[in-house]
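The sequence and structure are shown first.

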Amino acid sequence: MAKRPLTLEDFWSLKLVSEPQVSPDGASVAYVVGGYDETHNTLHSAIWLAALPDGQTRQFTSGETQDMQPAWSPDGKRLAFVSARHESKPQIFVMDVSGGEARRLTTAPDGATSPVWSPDGKRLCYSSGPETDEQQIPQEVDWLKAHADLEKSAPRLRLQRALQTRFDGRGFLDRRSHLFLIAVDEPGAEPRQLTTGNYDDGQAVWSPDGALIAFVANRQKDAEHTFAADIWTVDVESGELKRLTDGSLSASFPAWSPNGQTLAFYADLDMTRHPYYDTQVWIVSRAGGDQRNLTASLDRGWGGIQPDYLFPDPAAPAWAPDGKSLYFTVGDQGSSVIFALSLESGETRRVSNDAVDVARVSCAADGKTLVCLAATATQPYEVCVVPASGGSLRFITETNRALLEEVTLAAPERISFTGPDDWEIEGWLYKPNDAERRRPYPLILHVHGGPNGSWGHSFFFQAQALAGAGYASLYLNPRGSNGYGVQFARAADWGKKDYLDLMAGVDAVLAGGEVDPARLGVTGISYGGYMTNWIVGHTTRFAAAVSVNGISNLTSFYGVSDIGALWFPPKFGDFWASEESWRLYREHSPITYVANIATPLLLLQAENDYRCPIEQGEQMLSALRVRRQTVELIRFPGASHIIAASAAPLHRYFQWKLTLDWFERYLKGEQSKAAEEAAPVGAAVEGTVQAPHE
């Protein structure tokens, strides 16, 4: 049977594989398979089981709503999982692996997530977010108490007096995540709250002896002024808290060594002092106070490839059963790969030798097999295994097999070119289906987020859908991208030389003669949206642009973003502190160059984006409409910064659909018509930067 091109409509058939959890005996893997219900505009997911020896799979839960976060009991006979069955708040359920009915374990008023079994299998630790009074107005609270007969469902006043009062993907910080314990086999057992206070406690993990639970929290006195997070322990019986790290790190995802004496975790230096990501593998003892970076000499940081259709949850470093090795993922020149670290020698070695995107890794009980979630350029995320000694990945699930057998996928070509400062820059070119017949074809430049994100060997649904529609896609890793060393990552230039890197890549592809220079488009999300806004203010070579949740004004971003006031000062200072800082904020803001913009610009903005708030797009819209330029802004209700991970399924689909339609409008038809109609007199000359007069 002849294959057909992949289209945007295949979004509704794409299965989302995530959260692999290997069983205690290493014989099975529990994982989550999600999908979209087009008719009801809902996302549903079920837990599946796969046998490691032969890859046989079976569905474990019904998946009528969303079943997720599977957690094996220590004896491997039961699975705890999270589900929002028949109510709006998630709760924890327990079910025998052999089958039967799931038993609801929690009835938490604020929902319950992240179940973790105690080593003896008798208790579960979980997370829940009780409401606090931090954002309540005392006068209103007292008034409502005095008028008990009044309707209480109306919106309430909200107090903001801290630097961080809301966070993207979460909302206002009127609730704090804390740890709770509950007995598994005692009907009617009441949960016990382990942690309290105006802090968020999470990523809990039991010590092997069951005496302590390690977790991550920023409990510093000046917590609102730092991105730091520490590794803590809480004594399960006494409730005594102990901080193990010294407050200088942003730590995450702790994992106990098999003997329970050491914790491995990921961490980078507090970004309020260091404005770049350089996440390494660290350890600290159970006693604390002796944190140590194990991978400083590797010159590669933890962090994978920026996905576009599925955003897998990260996982902690994985210990070998004998406690002598650690396994973890790092970004390495367009791949996210598994590395092993010897605790005895300190040496590291690459384990997976494929060009892949490995999202998380765990070690089976035999110590010889690693289980992971991985994708390639032509294979969506699936559960894989790889020998701990090193080798190629073997996919043990084929969840999207039916779709892949039906469609033709574009295999990208790696390109390499020299950018400014003679740095080698890497990228990938996806050619349209039937490229020979379509020459010269239109090209879309994709700019990743970050700026310390990266593209590479992963499955990009948008690139495949564009290839099916006749477009080439160019994915470049300019300076600032991860996977190329600390010096390269630190060189992120916010619109200066990273812009020149990107333009050099476009020039390199155009030199091949297959791309139509009159039909160029550009798009990106977050920092990629910032760069899209920047690019159209510095060149008219692009006939159309789509900016997704980008930044336009660094000064206002400082005040309205959930992280802006902490994130920008290490690089630009506080904007009011000096004339130099004022200049830097203005000089690096795309809105400064709005008088140069002639490219038709579509702004896709999420209304609940607290990272790059919607006012950033509104500023671009207003300025360009005053100039009578071609610009549209489309608001995505209920979505946060990552539309593809937070919006309703229909709106996730429309992120792709609206982008394609914009390019269809301006890049198809007569090759130069769009550029001619869009370019006003006095448009920016290619390669120049024109700032408005002061």
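This is a predicted model: local features need pLDDT of at least 70, side-chain atom pairs count only at pLDDT 80 or more; totals for chains, interfaces and linings use all residues.

Strand β22 (residues 280–285) and β23 run antiparallel and are joined by two bridges. Trp 282 has Asn 293 in β23 as its bridge partner.

## The chain as a whole

The chain holds 15 helices and 40 strands. Its radius of gyration is 26 Å, close to the 26 Å that the globule rule gives for 694 residues, so the chain is as compact as a globular protein of that length. Along the principal axes, the C-alpha atoms fill a box of roughly 75 × 70 × 55 Å. Of the 694 residues, 57% are buried. Among contacts between residues at least 6 apart in sequence, 57% join residues at least 24 apart.

Which residues of β38 are buried on each side? On one side they are Ala 544, Val 546 and Val 548, and on the other Ala 545 and Ser 547. In a regular strand, side chains alternate between the two faces of the sheet. Both faces of β38 are thus covered, and five of the five residues in this strand (residues 544–548) are buried.

| Pair | Sense | Bridges | Opposite residues |
|---|---|---|---|
| β37 (residues 515–525) and β38 | parallel | five | Val 522 and Ala 545 |

The path from β37 to β38 includes a helix: β37, α7 (residues 527–536) and β38 make a right-handed β-α-β unit.

## Helix α14

Helix α14 (residues 649–667) has 19 residues and spans 27 Å from its first C-alpha to its last, close to the 27 Å expected at 1.5 Å a residue. The helix has a kink of about 25°, centred on Gln 655. Gln 655 is itself one of the buried residues of α14. Others that are buried include Pro 649, Arg 652, Tyr 653, Trp 656, Thr 659, Leu 660, Trp 662, Phe 663, Tyr 666 and Leu 667. An α-helix has 3.6 residues a turn, so residues three or four places apart point the same way.

## Two loop residues

Thr 61 lies in the loop between β5 (57–59) and β6 (67–72). Is Thr 61 buried or exposed? With a relative accessible area of 4%, Thr 61 is buried, because the cut-off for buried is under 20%. Leaving out residues up to four places away in sequence, Thr 61 touches Ala 46, Ile 47, Asp 67, Phe 81 and Arg 85.

Asp 149 is in another loop, between α1 (138–146) and β12 (166–167). Its relative accessible area is 70%, so Asp 149 is exposed, the cut-off for exposed being over 50%. From C-alpha to C-alpha, Asp 149 and Asp 422 are 73 Å apart in space, and they are 273 residues apart in sequence.

How values were computed
Residues are numbered from 1 along each chain as its sequence is written. Side-chain values use heavy atoms; hydrogens and water are left out. Buried means under 20% relative accessible area, exposed over 50%, partly exposed in between (1.4 Å probe, protein chains only). Helices (H or I, at least four residues) and strands (E, at least two) are DSSP runs, numbered from the N terminus. Two strands pair if DSSP finds at least two bridges between them. A crossover is right-handed if, with the strands pointing away from the viewer, the path from the first strand over the helix to the second runs clockwise. The expected span of a helix is 1.5 Å times one less than its number of residues. The bend at a residue is the angle between axes fitted to the seven residues ending there and the seven starting there. The radius of gyration is taken over C-alpha atoms; the globule rule is 2.2 Å times the number of residues to the power 0.38. Contact means heavy atoms within 4.5 Å.
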